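Please open the model in your viewer and keep the selection tool at hand.

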Amino acid sequence: MTLIRSIPGVRGWMLTAGRSCSVLRVDAKDRLLSAHWGRELSLEQAGALLGVVEGSGSGSGSEGGPGSGDGAHEAAEKPGFGHVGAGGQWPFEDDVEGPLELAAGAAFQFGHAQLAVRFGDGTRDLELVFAGAEVEVGAETEELVLTFVDRHYPLAVESRHRVRSGSPVIERHLVVRHSGDAEDAPIEVLRADSASWTLPPLPDYRLSQVRGRWAAETRLNRSALPYGETVLTSRRGITSHHANPWVMVDDGGASAVHGQVFGCTLAWSGSWQLTVERTPADRVAVAAGFGHEGLVWPLAPGEALTTPVTAGAWTDGGFDAASQAWHTYFLGQVLPHAGDPRPVVYNSWEATGFAISLEGQLALARQAAELGVELFVMDDGWFGGRTSDRAGLGDWWPNPERFPDGLAPLVKGVRELGMDFGLWVEPEMVNADSELYRARPDWVLHQPFRTRSEHRNQMVLNLARKDVAEWVHGWLDRLVAENEIGFLKWDMNRPFSEVGPGAGDEVWRGYVDGLYGILDRLRADHPDLRIESCSGGGGRVDAGILRRVDQVWTSDNTDALDRLAIQDGFAQLYPARVMSAWVTDSPNPHTGRRIPLEFRFHVAMSGVLGIGGDLARWDEGEFATAREMVAQYKRIRPVVQGGIRYALGDAAGDLSGVEYVAADLAEVVVFVYRRERRFAQMERPAVLRGLDPAGRYRDVRSGVVHHGAVLMSRGLPLGLGGGDPVSAVVHLVREG
């Protein structure tokens, strides 16, 4: 199937993405506009949308240079998209209907500038003219490259749009190139968002996003979109706990199962900015880009700035369909080793803290193995002088007092117990009290004559420097190779400050490029290595880091009741296969709340199951429950980690849950959580979705057989019993 087609008679293109499509056009003033983003159209319908009438002319849509505007191009100006109307131009406004798809800082463009520059003579306005179009065809992808050049200055801009066969997601980015000669002055790029996503007119607009802080990440927030510019951003150098680089927009009436939802996300793990603009004319566009306000990217002659990918998707089945589309995208186009099941992990941190020893770790490993754990991870405190959080970061060799023979005896012992071995590292950080900092104080982010701020008693190594990035890769490569490390928990525990020295603003971009380079090389050299991204919990979760890691630590908050909201917001975009969730002790170390062990397991089992409690304090009853839960999780893991997700109720409500359905509809896993039962209220059945209505589904535990149609109309009886909080997991298998 041809995914990208030019529209005869006009400089227009139709991009097909699953059941949706995007129709773009370049008008007579060389402005890139969106004529449609939504349900799939035929080429004839797309042409009609642009005002092309039968016999109006034909063309490939890939021709036309600077200033071109023949009759075929102008045919769309009269009755088609972008027409102002009989009244002529609006006072004080440009004559374009709606926001631009390439919103350059230019005359009469008073909204958010997706692309803003400053030329050597101080000129800021861009006058872009269309220079041509090309479609690059790959094995499963097609990419539309629309090139524009400035009318006078040596600047070329490529707007790139990539679609993949069968995928509902469109990927976009910009390439901004200084096309001048050596004697030409540098060009300063003041803003370069990857794309501006233009929504069609809707009756109203509602914004969905996640908000949070440390220990309270990814909590879903839906609100009416105000007029003007709503800016979501991180200025911290990392994705951040406080916001996440994605939004969804609907007309205010969408539900879990009904309504159009438009969404986009940004594949970047540093500072970022999403600008959602609702114009006075009641049109909406979302610009997504790396960096935050005030940063400048200089371009010398011959240099190019390539922005990170932003991905967009339209769905018409409500928020569940939107989330399912994003999950499919991440599993099919983003994650490495997406098909590999994520193992059940035990992490030693909450059991030992910094009080690590070979004997203590082996004792925990033996207990973890008894539970059925598949991966044992030793956390902080194993290296250098790391006996507290005040020292040792940067000195990445086993503490000689704790591990006099290195890590080999521990790794050997863990593997003999039938588990893989993993290790906590924080490669991007250094303590002032470390051999590394004493030798290379210039390696940290700092500015002359300014305090070198410490947060959590640590400073940030400048990965934008090639020598620093090379050093980090070198010790990681040796550590993994010499100790046969199968898994790294890669932590990053503080935001940036005093960014510099040297290239200044370039560090904000170069740091992330350096981080990505280290991870890419490490994965290439050690293809069996698996990595978890952690940043004080969920401080670095995005489509950029997920191209390079296998899962993410969702939050340091392991309180199961709090996790319901955290995990629900996380799952709006990211699939269960990347969502690490631990069972820890009660009372919870963060909240002090007491929660039943089964409830803690059921919440963690809806993602990538881990155990982080102090096993030395668990009694035999807890061990028996844990063994049963781990065994059950392994049986349902293929459905949880690879199935289609449906939300059951409000995660913040008294009764909620999540349902996973296998792609072939042959298995279903239902998790139900009740916070409290008030006023002797009767328990509602859980109405399921996505099943085979003609199928018969057997409850694996009870043996009761349910009809698919009944489960999707009347629901699954729960019978949770008394006591709060209480939970259940039901595994259904289709018979015949």
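Throughout this tour, contact means heavy atoms within 4.5 Å, while helices (H or I, at least four residues) and strands (E, at least two) are DSSP runs numbered from the N terminus. The model is predicted, so that local features need pLDDT of at least 70 and side-chain atom pairs count only at pLDDT 80 or more, whereas totals for chains, interfaces and linings use all residues. Residues are numbered from 1 along each chain as its sequence is written, and side-chain values use heavy atoms, with hydrogens and water left out.

Show side chains next: Gln-367, Glu-370 and Leu-371 of α5 meet Phe-623, Ala-626, Arg-627 and Val-630 of α12.

Move on to helix α8 (residues 466–483) and helix α9 (residues 506–525), which pack at an angle of about 30 degrees with their axes 10 Å apart. That angle makes α8 roughly parallel to α9. On the α8 side the contact includes Ala-469, Val-472 and Leu-476, and on the α9 side Ile-518, Arg-521, Leu-522 and Asp-525.

Now select strand β35 (residues 696–699), where Tyr-697 and Asp-699 form the covered face and Arg-696 and Arg-698 the uncovered one. In a regular strand the side chains alternate between the two faces of the sheet. Two strands pair if DSSP finds at least two bridges between them; β35 is joined to strand β36 (residues 705–707) by three bridges in an antiparallel arrangement, and Arg-698 stands opposite Val-705 in β36. In the hairpin of these two strands, with five residues between them, look for Gly-703, which takes a positive phi near 85 degrees.

Finally, return to helix α9 and pick Gly-517. Gly-517 is partly exposed, with a relative accessible area of 28%, where buried means under 20%, exposed over 50% and partly exposed in between (1.4 Å probe, protein chains only).

Key
Axes are lines fitted to C-alpha atoms, for helices over the stretch in contact, and angles run from 0 to 180 degrees between N-to-C directions. Angles under 35 degrees count as roughly parallel, over 145 as roughly antiparallel, 65 to 115 as roughly perpendicular and the rest as oblique.
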